[in-house]
Amino acid sequence: MSANPTVLILAGGLSHERDVSLRSGRRVADALRQAGCQVLESDLDLHLLPALESTPVDLVWPLLHGAQGEDGSVRDVLALKKIPYLGSDARAARTAWNKAIAKSIVRRAGLATPDYVTFPQSLFRELGPAALLAEIDQSMGMPLVVKPLHGGSALGMTVVSDAAGLPQAMMDCFAYAEVALIERAVRGTELAVSVIDLGDGPVALPAVEIVTTDGPYDYDARYNPGRTEFFAPARVSPEVAAAAAAMAVTAHQVLGLTRISRTDMMVDAAGVPWFLEVNVAPGMQETSLLPQAALAAGYALPDLYRKLVETSIAAGSVPQ
Ligand SMILES: Nc1ncnc2c1ncn2[C@@H]1O[C@H](COP(=O)(O)OP(=O)(O)OP(=O)(O)O)[C@@H](O)[C@H]1O
Ligand SMILES: [Mg+2]
């Protein structure tokens, strides 16, 4: 490794979260430059593979959100080209990307996660929406959350409090995904716990608490200033903070994730954290949860990002 590593930041792509990804990419690129790294930036387009041929880089940092970035496929391409990249390998990314599979794996590891069912749009049509939705209402009860099986930024997510709201929630979800995940809603405190691994194993950063002024933590609440307040560290008891940290580290480990992740969870009135999902390419823009957690832990972001880069390069092998 040269004294100042060359890092290619991969951001953009054609997912619904393109803009978020571009902002994440810009923030990380700026921070790494400040820390003395040589930084190249690329979108996910026709120029990427030729650029990777002509300009040797020490590491690619995929900051693509949504499909391709998080479903493992771009990571597969980098592995084919034997180019080291930062973060989880393709297989682990694919597992985490499917919220139902991730939930079943963490549940087997003893973590609490809300009961759920998944329905593809095609089955929904074949069985008839009215009958299926009545069944869901009867056996799962309310409130429920309807959201895409894959996805991010809460696009296509609705909290449903009575059966009358289910059909519209399903329609909104199917606008973003072929498969809907319907799970029990957990009322309580929303926390996001980021995990980093600087070479000594995965460590949880302080939990960040998310409080919206009104309604759920949806796309609008995420990216429009004023609708959400964050508390880093979260205003929870030491016991809840410890349980949340343990949940995030366990999820990171049992899903086989590498270097960086963020687990989203709800803490119920009894102080029990419920796993919602884990992200292998967490948002990294100014207001994002992982940077807030890192600042709360006392890290300077340029130093932390450079350490993540150096640890990844030192780990050597190309993730498979
Ligand atoms: N079971 C649930 N109970 C209560 N709220 C929920 C539940 N599932 C999701 N939510 C709310 O919906 C939001 C989005 O859900 P989730 O984190 O699963 O999906 P996402 O769109 O992939 O998010 P991200 O952008 O964080 O990757 C959560 O931040 C939370 O506010
Ligand atoms: Mg989430």
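Which elements cover the buried residues of α12? In this predicted model, in which local features require pLDDT of at least 70 and side-chain atom pairs count only at pLDDT 80 or more, totals for chains, interfaces and linings use all residues. Residues are numbered from 1 along each chain as its sequence is written, and chains are lettered from A and ligands numbered from 1 in the order in which they are written.

The cover over the buried residues of α12 includes β1 (6-10), α1 (18-34), β3 (59-62), β8 (189-197), β12 and α11 (289-296), where contact requires C-beta atoms, placed from the backbone, within 7 Å of each other. Helices (H or I, at least four residues) and strands (E, at least two) are DSSP runs, numbered from the N terminus. Helix α12 (residues 301-315) comprises 15 residues and reaches 21 Å from its first C-alpha to its last, close to the 21 Å expected at 1.5 Å a residue, the expected span being 1.5 Å times one less than the number of residues. The buried residues of this helix are L301, L304, Y305, R306, L308, V309 and S312; a residue is buried if 20 or more other C-beta atoms, placed from the backbone, lie within 10 Å of its own, exposed if 12 or fewer, and partly exposed in between. After α12 comes G316, whose phi is positive, near 85°.

The domain assignment, which is automatic or taken from a database, gives domain 1 (6-87), domain 2 (95-110 + 187-300) and domain 3 (116-184). The C-alpha centres of domain 2 and domain 3 lie 24 Å apart, and their contact takes ten residues from domain 2 and ten residues from domain 3. On the side of domain 2 that touches domain 3, α5 (99-108) and α9 (219-223) are the elements that give two or more residues, with the largest share, three residues, coming from α5.

A nonpolar core is a set of buried Ala, Val, Leu, Ile, Met, Phe, Trp, Tyr and Cys residues joined through C-beta atoms within 7 Å. The largest such core has 71 residues, of which V7, I9, L32, W61, V193 and A244 touch the most other members. Helix α10 (residues 238-254) supplies the largest share of this core, seven residues. Because domain 1 and domain 2 both give residues to this core, it lies between them. Leaving aside neighbours within four places in sequence, A244 is in contact with L191, V193, A207, M265, V267 and P273. A second, separate core of 18 residues includes I136, L155, L166 and M170.

P167 is found in helix α8 (residues 166-174), and counts as partly exposed because it has 13 C-beta neighbours inside 10 Å. Not counting residues up to four places away in sequence, P167 touches P129 and L133; P167 and L133 are 34 residues apart in sequence and 7.5 Å apart in space, C-alpha to C-alpha.

Around ligand 1 there are 20 residues, of which V145, G152, A154, A185 and Y217 come nearest, a residue being near a molecule if its C-beta atom, placed from the backbone, lies within 6 Å of it. The shell draws at least three residues from each of domain 2 and domain 3. At least two residues each are supplied by β5 (144-148), β7 (179-184), β12 (260-267) and β13 (273-279), and the largest share, three residues, comes from β13. By class, this shell has ten nonpolar, four polar and six charged residues, where Ala, Val, Leu, Ile, Met, Phe, Trp, Tyr, Cys and Pro count as nonpolar, Asp, Glu, Lys and Arg as charged, and the others, Gly among them, as polar.

Key. Two residues are in contact if their C-beta atoms, placed from the backbone, lie within 7 Å.
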